[in-house]
Structure formats: C-alpha cells, structure tokens
Amino acid sequence: MTPRPHRIAVLALEGVPPFELGIPSRVFGNALDEAGKPLYEVTVCTADGAPVTSDAGFTIGVSSGPEALAAADTVVVPPTHAMDELMRGAPLPPAIADALAAIRPGTRIVSICTGSTVLAAAGLLDGRAATTHWVHAPEFQRAFPQVKLDEEVLFVDDGDILTSAGVASGVDLCLYLIRGDHGTAVANRAARLCVVPPWRDGGQAQYIDRPVPEPTIATTTATRAWALERLAEPIALAELAAHARMSLRTFTRRFRDEVGMTPVQWLTGQRLEVARHLLESSDLPVDLVAHRSGFGSANSLRQHMRTALGVSPIGYRRTFQPNSLTTTEH
C-alpha cells in the first residue's frame, strides 16, 4: 500500500504577505519521490473558512477552515501585518485561538517570520527556543519574555515547533524539513526546482542593518569558495586567513560579520552536509565517509553527528537507507 502524502495545513491570516503565504506550497510542492509523486499535500486554510485580505490588498479565498489544521501532520503559520496589537499584550482573536487549539497533539508546528508572534501569543512558545525577524526582535522580547529568542539564526528547530526568521528564511526552513523527512537528494532537487540554494551559510547576523563597509575592504567570499573545494583536506584557521590575505584576528572578525558564525563552525557545518549526502546516497564505509568529508576518522564524524544531529552515522544511514547491510561503524 502506497503511503499517503504528509499533510501540511497553511494558516492564512488577515494581512498575510502573499510571498510568505506561498512558500510552503511552492517548496513542499516540489518534493517528489523517485516515481515523481508528491511527498506532501499542502492545503491553505483560514481560521474560520472565510476569505482574508492580504497585505497587498487582494482577497485570498480558501476551500478549508480549521478542520484542515486538525487533520494536518504539519501546520505552518505565515506572518501577518494586521495584528500588531499582539506585541502589546493583546490576546489572539477567538477564532484564531480556537483554530490553533484544535491542532492535534504531536503535530509539527512551523512559523515563518513574524508568524512566531501568533505562536507566542497562543502560549505555544513559552519556555522554548525560537526566532523571528531581527527587525522585530526587541519588541518581541519585551512582549514575550518567557520565550528564549535567538535573533541571529535563520531558523530554530525546537523539536515539534520550528520558527524561522524573515521572509526567505521560510524557504530555508521548508527545505530543512524536507531534508530531515526525506534526505538531501529530495531537498536538493526541490531547491533546484525553486532555483534557490539548498542551504545558506550563517544566520540573520549577516543581514542585520550595519554601516556599509568601504568598497576597498576585502571579504571572505573567495576564501569560503576555496575551502569548499578542499573540505576533505585538513584546513587550519591560519591557512584560511592567509588565503584571504588578512591577519588571523581580522579574518575571524570579518568572517563572523559576513557569515554569522566562526570559521570553524562554518567548516564543520559544510563537512556535515557532505557526510550526510554520502551516508544517504552511497554505501561507502563510515571511515571513508569521514575521510571524504574532512573529519578524518569515523570517531570524529560520530562525535560531530551526535552533537549536531543527535544520531550516529549508522543510525542516520538507516533512516534513509533502511535496507542497508552496514552494521558497524568501521
């Protein structure tokens, strides 16, 4: 029996930006299995089944109401530009509160941009890690001090609730979910069909409004491209700085400003992506995967994967290759 597609309900609120509303349908709609069949079924609904007006001024009609939220495996809440009062402590409108309350326990809940404000107002983010658009972060922190806000990341995965930052980070989060559900190959194909990168480096720190640097100031872009071609090799921080023709201190500071993380964190993340792809798409022994991804040894790869993903290389491979005969991490 063919498994049914994963059901996703997207809650359209009054004042929703059309771009963000369309992200889930566009990205998840491009996630296909090997036979070309959709892996997700996306339904756009409203809290009461009635049309809503977008922030672009046109009306959005839907065919579903709160019943779609109750039946969903994943609920996505895009932002709204018509509920600023939530930042001042106002309660959610009753219809929205009731619709969110109808979501089944265990359902994955996702917000895009300031959709996190709706989740926070519903009490769903109390005591949990989350993010939102950096422009609204100070106001969000004042309104919802009980939320552990991280304004420098593109998205936060807190288990069954995931939140993303502004606009395009909603694309990043949707691709991240596809990668976790079905593997790198499916996520990469969906990204290619959307003509977007499969993942982006760093976090919101690189987009926060800062004084524009002088055009003569060097960047780390070329050095990052150079490093990506050599991930299987040991790369010392001093080598990166030398390639960029900067002092170690200047390079480290500029890299963090541009990417939102340290060079070592970035290198580890890139190597993990290579390792994940090899574990999903090949039967290479784990020690060879570790070598090709730049971790050097199976033990090092195992430690990094457990820290970042909470799973061993063999456990990860079995998720995407359940018929794999590999039983030990050689």
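Q: What makes α8 and α10 count as being in contact, and which residues meet there?
A: In this predicted model, T221, T223 and R224 of α8 meet F251, F255, E258 and V259 of α10, and contact here means that heavy atoms lie within 4.5 Å. The residues of this contact divide into 3 nonpolar, 2 polar and 2 charged.

Q: Why are α8 and α10 called roughly perpendicular?
A: The axes of helix α8 (residues 221-228) and helix α10 (residues 248-259) come within 11 Å and cross at roughly 90°. Angles of 65 to 115 degrees count as roughly perpendicular, and therefore α8 and α10 are roughly perpendicular to each other.

Q: How do you know which word describes the crossing of α11 and α13?
A: The axes of α11 and helix α13 (residues 298-309) come within 11 Å, and they cross at roughly 100°. Because the range for roughly perpendicular runs from 65 to 115 degrees, α11 is roughly perpendicular to α13. On the side of α11 the contact is made by T268, L272, A275, R276 and L279, and on the side of α13 by L301, H304, M305, A308 and L309. These residues divide into 7 nonpolar, 2 polar and 1 charged.

Q: Why are β1 and β2 said to pair?
A: Two strands pair if there are at least two bridges between them, and 6 bridges join strand β1 (residues 6-11) to β2, the two strands running parallel. Within this pair, I8 stands opposite V42 in β2.

Q: What makes β2 and β9 the edge strands of the sheet?
A: The open sheet has 6 strands in the order β2-β1-β5-β6-β10-β9, with mixed pairing. The strands β2 (40-45) and β9 (155-157) each pair on one side only, and they are the edge strands. From one strand to the next, the twist averages 15°.

Q: Which strands does α6 lie across, and at what angle does α6 run to β10?
A: Helix α6 lies across β2, β6 (108-111), β9 and β10 (161-164), and runs at about 145° to β10.

Q: How do you know which residues and elements line the second largest pocket?
A: A lining residue has an atom within 4 Å of a point of the pocket, and 24 residues line the second largest pocket, with D33, E34, L39, H182 and V186 lying nearest its centre. The elements that give two or more residues to this lining are α6 (169-182), α7 (184-194), α11 (263-281) and α14 (313-320), and the largest share, 4 residues, comes from α7. The lining divides into 9 nonpolar, 8 polar and 7 charged residues, while about 600 Å³ of space lies in the second largest pocket.

Definitions and conventions: Residues are numbered from 1 along each chain as its sequence is written. This is a predicted model: local features need pLDDT of at least 70, side-chain atom pairs count only at pLDDT 80 or more; totals for chains, interfaces and linings use all residues. Side-chain values use heavy atoms; hydrogens and water are left out. On a 1 Å grid over the protein atoms alone, a cavity is a set of points where a 1.4 Å probe fits but cannot get out, and a pocket is an open set with protein on both sides within 12 Å along at least five of seven lines; lining residues have an atom within 4 Å of a point. Grid points are joined across faces, edges and corners, and a volume is the space filled by probe spheres set on the points. Ala, Val, Leu, Ile, Met, Phe, Trp, Tyr, Cys and Pro count as nonpolar, Asp, Glu, Lys and Arg as charged, and the others, Gly among them, as polar. Axes are lines fitted to C-alpha atoms, for helices over the stretch in contact, and angles run from 0 to 180 degrees between N-to-C directions. Angles under 35 degrees count as roughly parallel, over 145 as roughly antiparallel, 65 to 115 as roughly perpendicular and the rest as oblique.
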